[in-house]
Amino acid sequence: MEENNLECNSVVDGNVEEVPDKKVIKFNPPLYRQRYEFVKKLVAQHEPKKVADLGCGDVFLLRMLKYQKCLEELVGVDINEEKFKWHGCKLSACVGDHLDPRELDLIITLYQGSVLEKDCRLVGFDMVTCIELIEHFDSEDLAKFPEVVFGYMSPAMIVISTPNSDFNSLFPYSDFRDLDHKFEWSRMEFQTWALDVANRYNYSVEFTGVGEPPSGAEDVGYCTQIGIFHRKAQATEPDISEQQGQHVYQVAYTTSYPSLQQIKYRRRVVVYETYREVHRMRRKYKMGLTWCELEADPEDPDNPRRKFTSGLPSPQPLKEAEKSTEMTPKPFCIGDKFYVPLERIIAYPKVKHLCGNVEELRALIADAVELNCSGSAVQVDLDHYADC
Ligand SMILES: C[S@@+](CC[C@H](N)C(=O)[O-])C[C@H]1O[C@@H](n2cnc3c(N)ncnc32)[C@H](O)[C@@H]1O
Ligand SMILES: [Mg+2]
C-alpha cells in the first residue's frame with residue numbers, strides 16, 4: 001500500500017481511499033480488486049458448484065468467477081437493472097470458451113430484484129457473497145436481511161464484506177466513504193451483529209479482511225472487514241421443492257457456456273485430439289524417428305525407411321502421454337495409407353478422459369474421420385499436403 005499527500009476532490013470506496021486536500025491511501029492492487037480476489041480464492045479453496053453474488057453491481061466479481069472450473073451455476077442479483085444493461089453481456093461466452101470448452105456446464109443468470117425479498121431460485125446455493133452491500137441498507141432493511149439470506153436462502157457459506165470504520169481514523173474526514181452508506185461499522189459492531197446472526201441461524205463465523213493498514217497503524221485493522229459464515233451441519237438440507245412458485249425476481253440476463261458435457265463440443269474436441277495424435281504419429285513415422293514404436297524393423301533390408309535410421313541420435317526418453325500408449329497396438333502402413341488403431345488413440349489420457357472406451361471413441365469420430373474397413377483404426381494418407 002502506498003500513502004501519498006495529494007490534493008483530491010472526491011471520496012471513493014474503490015481502488016483509492018481519497019481524502020480531500022490531504023492524504024490519499026492507495027491500495028495496490030486496488031481495494032475492490034482485493035475483495036474480488038479474496039472471494040475468488042475462497043471459491044478455488046471450497047469448490048462450490050452454485051454461487052450467488054447479492055448486490056452484484058457491474059458484475060465484475062461474476063466475470064472473475066466464471067473461469068473457476070468447479071462452478072456450474074453463477075447468479076447475480078441487484079436491485080438496479082441499469083447496471084445489467086451495460087455489463088450483462090460481458091458474461092457471455094467468448095471465442096476461446098467455444099474453442100476450449102469448460103469441463104462442466106455453466107449457467108449464468110442475472111436477476112433484477114431486492115435481496116430483501118424471497119425468491120425460491122436462490123435457495124440451495126453452496127456460497128452467497130454480499131460484497132459491500134449491507135452498509136447500503138437502512139435499519140429496517142438490515143433487520144430483514146438475515147431472515148432472507150441466512151434463514152431462507154440458507155447457503156452452505158456466506159461471505160459478507162463491509163467497511164471497517166476503525167480504519168477511517170486514518171482519514172482526516174468524518175464522513176462515510178460513500179454518500180449512499182447508511183452506516184459504517186467498527187470491527188466490534190460488525191462482529192457483534194455477525195455473531196448474533198450466526199447464532200440465530202446456526203452458522204459459525206470467522207473474521208478477516210482486505211486492505212492492510214499502513215505500518216505503525218496496524219491496530220485499526222483491515223480497511224474492508226469480512227465475515228465468512230459456514231452453515232453448521234443440519235439434519236436436513238433446505239427443502240427447495242417446498243419453495244416452488246415464489247419467483248419474485250425478474251430475469252435480466254441469462255447465458256450458458258459450451259462444455260464437454262455437451263455432445264457437440266465433446267465430439268469436436270475428440271475429433272481434434274484424434275487428428276492431432278494421428279498426424280503426430282504419421283509425421284514421426286515419415287521422419288523415421290520412432291522405429292521403436294512401429295512394426296517395421298529398421299534392420300530389415302526390405303524396409304523402405306531403413307535409410308532414415310542410420311546416423312540418427314538414439315531415441316529420446318518417452319513423454320508421459322507416449323508411455324501410456326507403449327503397450328497398445330502400433331500404427332502401421334499399407335501402401336500409401338497410414339493407420340492408427342483406435343486402441344492406441346484411446347490410450348492418450350485426454351482422449352481416454354473424454355471417451356472412456358473405444359466404442360465411444362468410434363461413435364464420436366465416425367462421421368468426421370475416415371476409419372478402416374473393420375472400424376478399428378483411423379486411416380489417413382501417408383503423404384499429406386501439410387508436409388510439403
Ligand atoms: C457498493 S455496490 C457493490 C457492488 C459490488 N458488490 C461490488 O463489490 O463491486 C452495492 C450494490 O448493491 C445494490 N443493492 C443495494 N440494495 C440492494 C437490494 N436491496 N437488493 C439488491 N441489490 C441492492 C446496489 O444497486 C449496488 O449495485
Ligand atoms: Mg459501499
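Reply:
**I79 and its surroundings**

Leaving aside residues up to four places away in sequence, I79 touches G113 and S114 (contact: C-beta atoms, placed from the backbone, within 7 Å). This is a predicted model, in which local features need pLDDT of at least 70 and side-chain atom pairs count only at pLDDT 80 or more, while totals for chains, interfaces and linings use all residues. Residues are numbered from 1 along each chain as its sequence is written, and chains are lettered from A and ligands numbered from 1 in the order in which they are written.

I79 and V115 are separated by 36 residues in sequence, yet their C-alpha atoms are 7.7 Å apart in space. I79 sits in the loop between strand 5 (73–78) and helix 3 (81–87) (helices, H or I with at least four residues, and strands, E with at least two, are DSSP runs numbered from the N terminus). Because I79 has 16 C-beta neighbours inside 10 Å, I79 counts as partly exposed (buried means 20 or more other C-beta atoms within 10 Å, exposed means 12 or fewer, and partly exposed lies in between, with C-beta atoms placed from the backbone).

Other loops hold backbone features to look for. Most residues other than glycine have a negative phi, and most peptide bonds are trans. The bond from N28 to P29 is cis, with omega near 0 degrees, and P29 lies in the loop between strand 3 (23–26) and helix 1 (31–46). E47 is not a glycine, yet has a positive phi of about 50 degrees. E47 is in the loop between helix 1 and strand 4 (50–54) and is partly exposed because 13 C-beta neighbours lie inside 10 Å. E132, also not a glycine, has a positive phi near 55 degrees and is placed in the loop between strand 7 (127–131) and helix 5 (139–153). E132 has 21 C-beta neighbours inside 10 Å, so E132 counts as buried.

Helix 12 (residues 358–365) shows how a helix packs. Its buried residues are L361, L364 and I365. Seen down the axis of helix 12, these residues fall within an arc of 85 degrees, so they line one face of the helix (the arc is that of the directions from the helix axis to the C-beta atoms). They pack against helix 7 (263–287), helix 10 (342–346) and helix 11 (349–355). The axes of helix 7 and helix 12 come within 9 Å and cross at roughly 100 degrees. The contact joins R266, R267, V270, V271 and T274 of helix 7 to L361, L364 and I365 of helix 12. By class, the residues of this contact are five nonpolar, one polar and two charged.

For the whole protein, there are twelve helices and 14 strands, and 31% of the 388 residues count as buried.

Methods. Contact = placed C-beta atoms within 7 Å. Axes fitted to C-alpha atoms, helices over the stretch in contact; angles between N-to-C directions. Nonpolar A, V, L, I, M, F, W, Y, C, P; charged D, E, K, R; others polar.
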